[in-house]
Amino acid sequence: MFEYLVRRLALMVPTAFLVTVGVFLLIHLTPGDPAVIILAESYTPEAAAQLHKDLGLDKPLPEQYARYMGRLAHGDLGRSLRNKLPVTQAIGERLPATLELGLAALCWSLLVAIPLGTIAALRRGRTVDVIASGVTVAGISMPNFVLGILLILIFGLVLRALPVGGFAALSDSIPDNLSRLILPAIALGTFGAAANMRFTRSSMIEVLNQDYIRTARAKGASRLRVVNHHALKNALIPVVTVVGLQIGAILEGALVTETVFSWPGVGKLAVDSIFGKDFPVVQGIVLMSALSFMLANLLVDVLYAWLDPRISYA
Amino acid sequence: MSTAAPAYTGVDELPVALEEQGPPRLRRLLLDHPRIIVGLLLLLLLAVTALVAPWVAPRNPLAVDPDNARLAPGLAHLFGTDELGRDVLSRVIWGGRISLPVAFVAVAVGLTVGGAIGLAAGYRGGAADLLLMRLIDGILAFPALILAIALVAALGPSLKNAMIAIGIVQVPVYARLTRAQVLQLKGLDFITASRALGASATRIIGRHMLPNLLNPLIVQVTLSAAAAMLAEATLSFLGLSAPPPTPDWGFMINTGQRYLINGDWWLTLGPGAAICIAVFGFNWLGDALRDALDPRLRR
Amino acid sequence: MRRAVIPLLFALVLSACGGGGGGTSTTPTGTPKTGGTLKVGQETEIVTLDPNASGLLVEREIYYNMYDSLLGIDAKLNFVPQLAKSWQFPDDKTLVFNLRSDVKFHDGTPFNSEAVKFNIDRYMNDPKSVRKSDLASVDSVEAKDPTTAVFHLKRPDGTLLAQLVDRAGMMLSPTAIKQAGANLSVSPIGAGSGPFEFVEWKRDDHLTLKRNPNYWRKDKDGHQLPYLDQIAYRPIIDLNSLLAALKTGDVDFVRTVAGKDVDGVKADSTLVYRDVPTLGFNAIWLNHSVPPFNDPAKAKAVALAIDRAQILKTVLFNVGVVSYGPVSPASWGFDPSQKIYDKPDPDKAKTTATGFSFTLKTANNQDSIQTATLIQAQLAKAGITVNVLPEEFGRQTTETRAHQFEAALQGWSGRIDPDGNTFSFYHTGGSFNDGLYSNPQVDQLLEQARASTDRAKRKQLYADLQRLLVGDVAEVYLTHGTVAQISTNKIRNFTLIPDGMNRFAEVWKS
């Protein structure tokens with residue numbers, strides 16, 4: 001196990017390196033001069049030249065990359081071009097909002113997925129199951145911005161039940177925060193809900209076919225009891241691990257969902273920074289998400305091995 | 001949004017066709033799995049609508065008429081008009097001519113490039129495998145949508161670049177899928193036998209491996225066409241796909257979204273429904289095909 | 001999607017504008033009431049609180065409430081005393097300010113001519129300053145005695161006074177600047193002398209100012225200004241959310257709503273909407289150095305075929321006016337007697353030049369794209385083909401700045417002095433002359449107008465300029481937006497100034 005971990009971690013190094021090169025090239029080959037954006041109406045050629053010098057943009061690309069890696073080695077991700085904040089701080093300030101949204105979306109996806117997936121498995125092949133599978137496919141087929149807009153239309157503009165966007169800090173007002181959280185969390189979490197439901201169903205079907213469940217049933221245990229006490233726990237093992245893999249999907253979904261709902265999280269920061277050519281921030285976000293994505297993958301594999309003793313890593 | 005359908009997150013999830021088998025009897029397949037027919041019909045409907053758009057669309061999708069901007073749905077305009085007075089229904093119909101080709105081209109890019117990488121890595125093994133797979137890991141490490149946005153931002157927003165970006169994002173799925181299949185097949189007796197008999201690599205791949213790869217690839221192609229359409233819709237929603245005045249579903253939604261607060265829901269409803277139906281069609285078909293073609297699910 | 005980040009962007013200029021009417025510029029008064037917090041929604045996030053580095057409209061708006069400038073302006077754009085009681089030009093190249101002696105910065109540092117010298121030197125010499133070009137004509141500042149500051153100029157400059165109203169004339173406490181160091185841009189505590197003091201700024205969340213109890217201004221009844229206790233600024237980037245926030249009372253005051261929503265705001269009895277034309281303008285930038293617009297006939301054909309009124313109506317919902325040149329009707333430099341290209345004339349356009357095509361670059365936002373699409377349809381009637389190319393705005397401005405375009409939709413937020421709307425755009429080699437327009441006659445007029453301090457003479461020069469620029473189709477002028485007061489009906493005594501800067505020193509809340 002330990003050797004396996006070391007090997008996996010070692011394999012992450014070249015991948016992470018590739019990621020830094022990739023994102024660096026991508027950003028620096030994108031046309032558009034950050035100085036023009038920063039200076040805006042105060043633009044003069046002299047001010048632009050000065051800014052290039054200050055930002056090190058007048059140096060050749062390999063040298064810029066070397067400097068970037070040098071700073072990175074010290075944990076320094078640079079500063080935002082837009083507001084001069086250290087990138088770690090710029091991301092850090094936005095991270096809580098995204099984590100809150102992501103967590104809420106995850107909760108929503110599990111709240112929907114586990115009961116419905118279980119029911120569909122128990123009623124396999126019947127009407128409920130067919131409807132459920134239709135809903136599942138519909139759930140993964142609806143772009144989250146379409147769903148978001150639909151929710152805004154229904155709950156915000158027709159029913160006027162919930163605010164249609166914006167953010168209130170949890171520390172300022174808990175009800176305000178939660179009421180603004182609901183719609184984006186549903187918009188973001190529904191894709192995962194559909195995916196998890198499908199997974200719960202197939203996992204549950206597999207477990208229900210196992211001998212020990214049949215034995216329990218044969219001994220006269222009630223169906224509900226069997227599901228609650230025996231099947232669900234085992235069926236959820238693979239589901240838990242799949243949830244770990246959804247971190248990437250949630251981060252991606254956050255890009256658009258946060259934009260639609262004006263939610264000040266990392267996703268919105270990413271979109272704004274890509275369009276605003278704030279490349280230190282883009283680099284930081286991509287690096288952060290790539291690393292957390294890789295770590296989540298690793299964690300899931302380890303968790304899986306730990307939960308399911310049948311799997312061994314020789 | 002994710003590029004691969006979620007059930008395909010790990011390699012051990014892949015459908016396997018271990019034995020050399022003839023092409024499944026199409027009639028039998030369709031009879032046993034009516035869901036496939038439903039999916040095919042839905043997609044056929046979309047494709048035909050897009051194909052005959054010039055004849056079925058009631059109006060020119062580009063004809064601007066500012067005096068009749070944002071008319072509610074009515075007899076003259078079944079889906080209403082947009083902010084510049086263009087007929088929304090006609091634009092939705094023409095929009096299929098953008099979204100469907102994007103899905104096909106992007107999948108083709110992913111399939112050929114990813115398939116080739118997977119074949120090479122799996123068949124050659126060794127250093128080639130290690131190197132190619134690190135490259136794939138590198139691409140996979142990026143959240144797919146961020147990668148696609150960054151690529152289009154770098155290349156410049158256009159339909160062609162959106163296709164390329166979405167195609168690149170699809171490469172890893174195919175590379176991993178193909179490689180895993182090839183690795184499994186390589187160890188099988190009949191392949192080892194062919195090799196011992198001196199069959200060339202081309203022959204082994206062409207005669208023995210590709211047919212066995214077909215089933216999982218068919219399923220994956222369908223599912224990733226759905227993912228590609230979602231990705232294109234998102235890119236165009238962010239203004240990173242076909243330039244205006246091209247009728248493009250995602251961008252129509254982006255435009256219409258602003259007028260929701262004024263009560264003009266019809267600007268978004270048509271294109272929103274179109275995207276959902278199209279993606280649903282592919283996902284539904286993919287789901288049905290997986291049930292039909294994946295022997296492990298046959299119980 | 002982020003709307004515009006910078007005012008240079010077409011969209012922001014468009015959206016920063018409101019409807020066409022004029023009317024009175026001050027809301028009805030009553031007996032002023034002291035106290036209360038004014039909540040202001042801003043459509044863009046601010047970046048810096050140091051005027052030295054500022055490029056954004058929303059930043060200036062805040063500055064005007066915490067920093068004083070040497071001069072102020074009134075609703076008719078006349079200069080009025082602020083930190084300077086009076087000023088005169090003893091000769092063309094000397095400007096003398098007589099300063100107030102009763103002003104202290106928020107940190108207690110007295111305001112005097114040494115402070116003026118310190119600030120101007122910083123704007124001129126700090127390597128990070130983006131104010132250098134504003135003060136390009138200044139050679140040095142001399143602190144003659146505590147209440148007399150003398151500007152020695154390199155050349156005569158009729159535009160300098162207008163610059164000194166804006167950021168280049170804002171005076172900050174030298175003590176606070178030295179103490180804060182690089183922190184000044186995020187936390188300028190005690191740095192101003194204006195009606196409100198800086199309290200705190202939580203980035204992308206809120207910025208709070210509180211009443212300066214020792215402010216040097218009193219109202220006409222001798223009552224201490226300002227009336228308000230606090231101003232709380234909050235960025236709400238999405239225009240729909242901004243309007244929603246105003247309607248629900250989350251904010252009291254916003255600068256802008258989308259054109260489509262203006263009628264709704266006007267109809268709402270709890271809200272106030274008033275506007276005046278802005279100093280800015282929206283236009284199609286043309287590149288005169290490459291085909292097709294190196295051929296003046298083709299530029300003329302475009303100018304003839306464009307239906308400005310239709311753009312104004314369809315995209316701006318008639319919030320604004322059609323444009324007859326780079327100088328806005330809000331400015332004294334505008335000549336209303338000239339209305340070249342008033343009505344579209346596709347037939348005449350056809351006989352001038354037809355059958356050519358060009359690529360129109362536009363920022364990647366809805367208003368710009370709508371405008372471009374409409375232009376595409378309008379020019380098609382004259383046999384001119386337009387390829388619309390929306391680009392992410394940073395890329396678009398970078399490319400136009402590097403002269404890599406045929407035509408581009410752009411806007412300018414406008415300056416108090418007409419020079420700020422013309423010189424760097426049309427003078428040969430000017431820093432915003434993206435289209436490489438060059439006309440020796442225009443160069444000469446621009447230089448003369450800049451060097452003169454005689455407004456009547458300058459007015460004539462700008463009228464001549466307007467005729468030449470529009471006649472040459474230096475750019476295809478489209479529209480001027482408006483600046484507006486969009487607020488709840490509790491806001492009293494607000495003066496609308498065409499520079500779009502919302503000053504709250506005299507505002508009170510009922």
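Let's start with a hairpin in chain C: strands β10(C) and β11(C) form it with 3 residues between them, and in the turn C:D204 has a positive phi of about 60 degrees. Strands here are DSSP runs of E, at least two residues long, and helices are runs of H or I, at least four, both numbered from the N terminus. This is a predicted model, where local features need pLDDT of at least 70, side-chain atom pairs count only at pLDDT 80 or more, and totals for chains, interfaces and linings use all residues. Residues are numbered from 1 along each chain as its sequence is written, while chains are lettered from A and ligands numbered from 1 in the order in which they are written.

β10 (residues 196–202) and β11 (residues 206–211) of chain C run antiparallel, joined by 6 bridges; two strands count as paired if DSSP finds at least two bridges between them. One of the bridge partners is C:K210 in β11(C), which goes with C:E197.

What does β11(C) pair with over 4 bridges? That is strand β12 (residues 230–235) of chain C, again in the antiparallel sense. There, C:Y233 in β12(C) stands opposite C:L207.

Now hop over to chain B, which has 11 helices and 0 strands. Of its 299 residues, 55% are buried, meaning 20 or more other C-beta atoms, placed from the backbone, lie within 10 Å of the residue's own. Take contacts, pairs with C-beta atoms, placed from the backbone, within 7 Å: among those in chain B between residues at least 6 apart in sequence, 73% join residues at least 24 apart.

How values were computed: A residue is buried if 20 or more other C-beta atoms lie within 10 Å of its own, exposed if 12 or fewer, and partly exposed in between; C-beta atoms are placed from the backbone. Two residues are in contact if their C-beta atoms, placed from the backbone, lie within 7 Å.
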